[in-house]
Amino acid sequence: TLDESYILDQIEEDDYKEQGVSRVGGYPDVPENFEWPNTTDGAPMTFIAQLNLKEISSSDQNSLLTKSG
C-alpha cells in the first residue's frame, strides 16, 4: 500500500546556476563524461527528477527519507 506520496511540480524556470538543487524535468547535474542510459530499444531514457533530500525533508511527515543527499 502507498502510505505517503509527493507531488513534484516546477514552480519557476531553472537557470541551472546552482548544482545539487531539486529539479523536475530539464537536465540533471551529472559529470561531463557521464553516459546517459538508453532503453532496450536504444533510445535515451527520460530524465524525470533529481531531488535534494535536505530541501524536501520538511515535507517528509513520516521520516521515511534521509535528511541530506
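Is Asp14 buried, partly exposed or exposed, and what is its relative accessibility? In this predicted model, Asp14 has a relative accessibility of 23% and therefore counts as partly exposed, since the range for that class begins where the buried class, under 20%, ends.

**Salt bridges**

Side chains of opposite charge can pair when their charged atoms come close. In this structure the count comes to 2 salt bridges, and Arg23 takes part in the pairing with Asp14 as well as in the pairing with Asp29. The table sets out the two pairs with the distance between their closest N and O atoms.

| Salt bridge | Closest N and O atoms |
|---|---|
| Asp14 with Arg23 | 2.3 Å |
| Asp29 with Arg23 | 2.7 Å |

Arg23 itself counts as buried, because its relative accessibility is 2%, whereas Asp29, at 29% relative accessibility, counts as partly exposed. Through the partners that these salt bridges share, Asp14, Arg23 and Asp29 are joined into one network.

**Aromatic residues**

A pair of aromatic rings is described by the distance of the centres and the angle of the planes. A search of the whole structure finds 3 aromatic pairs. One of them is formed by Phe34 and Trp36, whose rings lie 5.8 Å apart from centre to centre, with 70° between the planes, and this arrangement is edge-to-face. The reason for that name is the angle, because planes over 60 degrees apart count as edge-to-face. Phe34 and Trp36 also belong, together with Phe47, to one aromatic cluster.

**Surface patches**

A negative surface patch is formed by Glu12, Glu13, Asp15, Glu18 and Glu55. Among these residues, Glu12 lies in the segment before strand E1 (23-24), and Glu12 counts as exposed because its relative accessible area is 63%, with exposed meaning over 50%.

Technical notes:
Residues are numbered from 1 along each chain as its sequence is written. This is a predicted model: local features need pLDDT of at least 70, side-chain atom pairs count only at pLDDT 80 or more; totals for chains, interfaces and linings use all residues. Side-chain values use heavy atoms; hydrogens and water are left out. Patches are made of residues with over 30% relative accessible area and no salt bridge: like charges are joined within 9 Å, nonpolar side chains (Val, Leu, Ile, Met, Phe, Trp, Tyr) within 5 Å. Accessible areas come from the Shrake-Rupley method with a 1.4 Å probe; for residues, only the protein chains shown count as cover. A salt bridge is a side-chain nitrogen of Lys or Arg within 4 Å of a carboxyl oxygen of Asp or Glu. Lys and Arg count as positive and Asp and Glu as negative; His and the chain ends are not counted. The place of a charge is taken as NZ of Lys, CZ of Arg, CG of Asp or CD of Glu. Helices (H or I, at least four residues) and strands (E, at least two) are DSSP runs, numbered from the N terminus. Buried means under 20% relative accessible area, exposed over 50%, partly exposed in between (1.4 Å probe, protein chains only). Rings of Phe, Tyr and Trp (its six-membered ring) pair if their centres lie within 6.5 Å; planes under 30 degrees apart count as stacked, over 60 as edge-to-face and the rest as tilted.
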